[in-house]
Amino acid sequence: MGWLDIISGVGSAAAGYGIAEDMRGVGQDAANQMGELAGQLTNDTAFKGYGVTTGLGTSTVNADGSMNVGVGPDAGQAAYANSMQGNAMNNLGMSNQMAQMGGFNPAYMQAMGVMQGGMQGLGAQQNNSFAASQQAMQNAMQGTAGREQDIYNRMMGMQQPGLDRAKTAQQANEYAMGRSGIRGSAFGGTGEDAAMAKAQFDAQNSASVAAMGQAQTEMMNQAGMAGQFGQMGGQMAGLQNQFGTSMGVLGQGQAQLGQGAAGLMSQNAQISGGLGNQAYGNQFLPMQQQLNALQVGGTHGASMAQTGQLSGAGYGAQLGLGGIQTQANMEKAASELYGNVFGSGMNALAGASGNLKANTGVGWLDKLVSYL
Amino acid sequence: MAQPHVDITLTAPGFQGINTEDSPINQDYSFAAEATNCVIDQFGRIGARKAFATKTSSFSLTYTPAATVDSTVTKVHRLSNGAILGQNYVVCTVSVTEYNDLGAFLAVHYFLAKLSANGSAVEEIATPALASPDALVNADIVFFNDQCLVFTSGNGPLLWTGTGAATYLSGEAGYQAPIDAASQSLTATDEINGDVATAAYGRLWVTGVDGDYNNIFYSSLLDPTKWYDGSAGALPTNTAGIIDVSEYWPQGKDRIVNIVAHNNTLVVFGRSSILLFGNPQGDPAAVGGLYLADSVVRLGLISRDGVVSTGQDILFLDDTGVRSLGRTIQEQAIPVGDLTANVRKDISIKIKETSDQSTISLSYWPEEALLVCLFAEDSTAYVLEMRAPSSSGGMKVSQWTGCTFERALSFEDEDGAEVLLASSDSQGLLQYAGHAEYGGRVYVMTYTTNPLALGQSNTLKFPKKFRYILVSDGTETTAEFRWGFGSSLEYSKSVSIEPTTTSYWGIAEWGIAQYGKSDASFLRYDVNAKGSGVYLLLGLRASIQGASMSLQEINVNTLLGRN
């Protein structure tokens, strides 16, 4: 191949390049047209709002979807509802008062006071009885040594004057005999001292034994007293139980009375509350009616308007899109044609360079690069 | 007109001893104004006392002498005798005082000692260490139940059983320490540390424990180791006890000086009163036991050792002299029991002037029939002849000098009676025997009559001759015959009394005749007299150095003058 082949190949490529650039420009124009078509469709299909007017008032739905009902709650019904609610609360308060007032029955209070006094008296007597029983029982259960000592001390205390007299007489006798200063290891003093001490010891012995017997008797007595006091305490407890039962009956009756009155007042409160609630609901009836009217307007009028808009816009858009699609198809066909042209040229050039290299060992591109 | 010569015979002059209480004028010549170193001999004559003769010749005492010792003085202070397991012992306390060459005191050592078996030496009895060894000087040595107990103030009793060393009584097995009467707790030292003790009625009776002289601690029966235990029968066999006498003093307050047993009575001598406890036999504390039977007021004992028992009576030294307890109680009259009534004022003054009355003691020598009231402080004594009282009621009294002993002891054993003297002159134990004083000393017998009116108190006497008849066993000595008028012996004549071989009824040369047996000669000495006076005094002074001497008789040949 000669140099001309090569040059023609290059020219084909250059021409292909220019055609591609043209095809790109056609695409761009189609996109721009579709954007304009979209903007137009948006305006054409946009919601324009609507309104409903009734005897109660005028309600509007704006293009942005906001709604103005144009009708508020019924002030009279609201005031009535508040009044009924207040009545209900008052009745509830009165119900509580009635329930509470059930406990302030004077006869009941007097009866309860008397019975409580009786209960306290009985409780005190019971406590005393049980305490006495407990004390007697403790006395009966404790060791007898302390009591024995007390009894012994009293017995010896009673004997002491006699012992003192005897001791004084004995000492006087010792002095008279000139033996008062004598102490012997066998006696701790004189024999007379020892005899006196023995007599005293015997007396102490007797008193000690008697004290033990007396202490045991006293313990037995204490045990008996503990039982008796315990019985008394039990009786007091029984009476208290009876009183408690009576008080329970009274309390129950009184509570029933209170509960009945409270129930009546509660019913009143419920009625008042129901009336209040009904009035409260009624105050919103005008608004509900207006909303119903608005819904009817919206369902029929507005929907039909919107449907018309959307149908028109859909037709326009389909037509715009068809035109643009046709142009694009045409441009695509042209570009494919130019592409084929340039592809043939370039193949020719490539064949020429390959032959040179096969003959000379150096391709023309290699030479071109070496010149550079 | 010439006056007649009168011969007046004074037989046994002065044989009633000294009498300074009655008026000397016209007094019986049988009383003497002075009778020194005299006794009344067996024949009722005034004569020389026996000698304080040597008994022991050596000491066996162990101590370490001071380095510069030059001389020592050994004194026997207290002595007693008794039997242990059938053996007689004389136990004493001794001190040895050391002096240097300048006579300065160096040291003193105290010992407990005994008379050796052969009687010739004083032998030490070893003792444990004593808290107050000097208290041995005034020890009270008591023999009790085959034991010797030494009581001293401040020391526990020492116990000696006849062999070996003495030990503390408190070291004996089963010893029960005494309980104090007031506090009912143990005494301060747990010891019976009193210095007044008596063994009687099977018990020891002690006072002065912890310095308390108002409580008597008595031991259990026959057991010196058991004392009052403060309990009531904790130890049934212990019958010891305490007697608090403080409530019984008649004058409210006194202190016990000594305790003496006599006639089933426990006599408690106070300083100024006496308590007599009856029925001391058995357990004193038992029912019907010891009791205060009697008390004597304003009579007491001046010194612990100023009391003796004669067996029939108790004689004691009061401030007024020697008293008889038996007679005092019996007669309830104080003067009657006054044995020294003839010298009452003199002896009272002497007692009062004695600075340490514990040095005064009384000892009874029955074999000599003498009661010796010794004043060791000035080595003198009043001696009472105990066979019979004088006509005045008081006992016959003489005075002794040169009594170089602190205490005397008369005791009897199978070998006979003997009087031992506790020498304060390094002689150990002396004995009252013979007429040869220890160490060759000469003692002087002196006799002086009261002023004699010879029955004519308004007549002058012109004595021409005195004839003294002496009785002696003949040992050579000297004598001095003295006479005078009024109150002084102005004249004297010395004679040599020769030892002669006597013969019956022989007549010697120079007008001196001897009569009698060979061992007791009657010696007659004539003395030409001079001077005159209404009241005649006669006297005799004789040196005694081995021979006895008694005055049998004095004959007075005198010319009676005008009234």
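Q: What conventions apply here?
A: Residues are numbered from 1 along each chain as its sequence is written, chains are lettered from A, and ligands are numbered from 1, in the order in which they are written. The model is predicted, so local features need pLDDT of at least 70 and side-chain atom pairs count only at pLDDT 80 or more, while totals for chains, interfaces and linings use all residues.

Q: How many helices and strands are in chain A, and how many in chain B?
A: Elements are DSSP runs, numbered from the N terminus: helices are H or I with at least four residues, strands are E with at least two. Chain A has seven helices and four strands. Its pattern along the sequence is α-β-β-β-α-α-α-β-α-α-α. Chain B has two helices and 40 strands.

Q: What do contacts say about sequence separation?
A: A contact means that two C-beta atoms, placed from the backbone, lie within 7 Å. Take the contacts in chain A with a separation of 6 or more: 84% join residues 24 or more positions apart. For chain B, among contacts between residues at least 6 apart, 60% join residues at least 24 apart.

Q: Which residues touch the most other members of the largest nonpolar core?
A: A nonpolar core is a set of buried Ala, Val, Leu, Ile, Met, Phe, Trp, Tyr and Cys residues joined through C-beta atoms within 7 Å. The largest has 146 residues; B:Val206, B:Ile216, B:Phe269, B:Leu371, B:Leu384 and B:Leu421 touch the most other members. Leaving out residues up to four places away in sequence, B:Val206 touches B:Phe151, B:Ile192, B:Gly194, B:Val196, B:Ala197, B:Ile216 and B:Phe217. A second, separate core has eight residues, including A:Ala81, A:Ala88, A:Met98 and A:Ala262.

Q: At what angle do H3(A) and H5(A) pack?
A: Two packed helices are described by the angle between their axes and the distance between the axes. Axes are lines fitted to C-alpha atoms over the stretch in contact, and angles run from 0 to 180 degrees between N-to-C directions. Helix H3 (residues 106-141) and helix H5 (residues 191-282) of chain A pack at about 160°, with axes 7 Å apart. H3(A) and H5(A) are therefore roughly antiparallel, a label for angles over 145 degrees.

Q: How many residues of chain B are in contact with chain A?
A: 27 residues of chain B are in contact with 17 residues of chain A. On the chain B side, strand E18 (241-244) and strand E22 (291-297) are the elements that give two or more residues. E18(B) gives the most, with four.

Q: What is the phi of B:Ala369?
A: B:Ala369 has a positive phi of about 55°. B:Ala369 sits in the loop between strand E26 (360-365) and strand E27 (370-375) of chain B.

Terms used:
A residue is buried if 20 or more other C-beta atoms lie within 10 Å of its own, exposed if 12 or fewer, and partly exposed in between; C-beta atoms are placed from the backbone. Angles under 35 degrees count as roughly parallel, over 145 as roughly antiparallel, 65 to 115 as roughly perpendicular and the rest as oblique.
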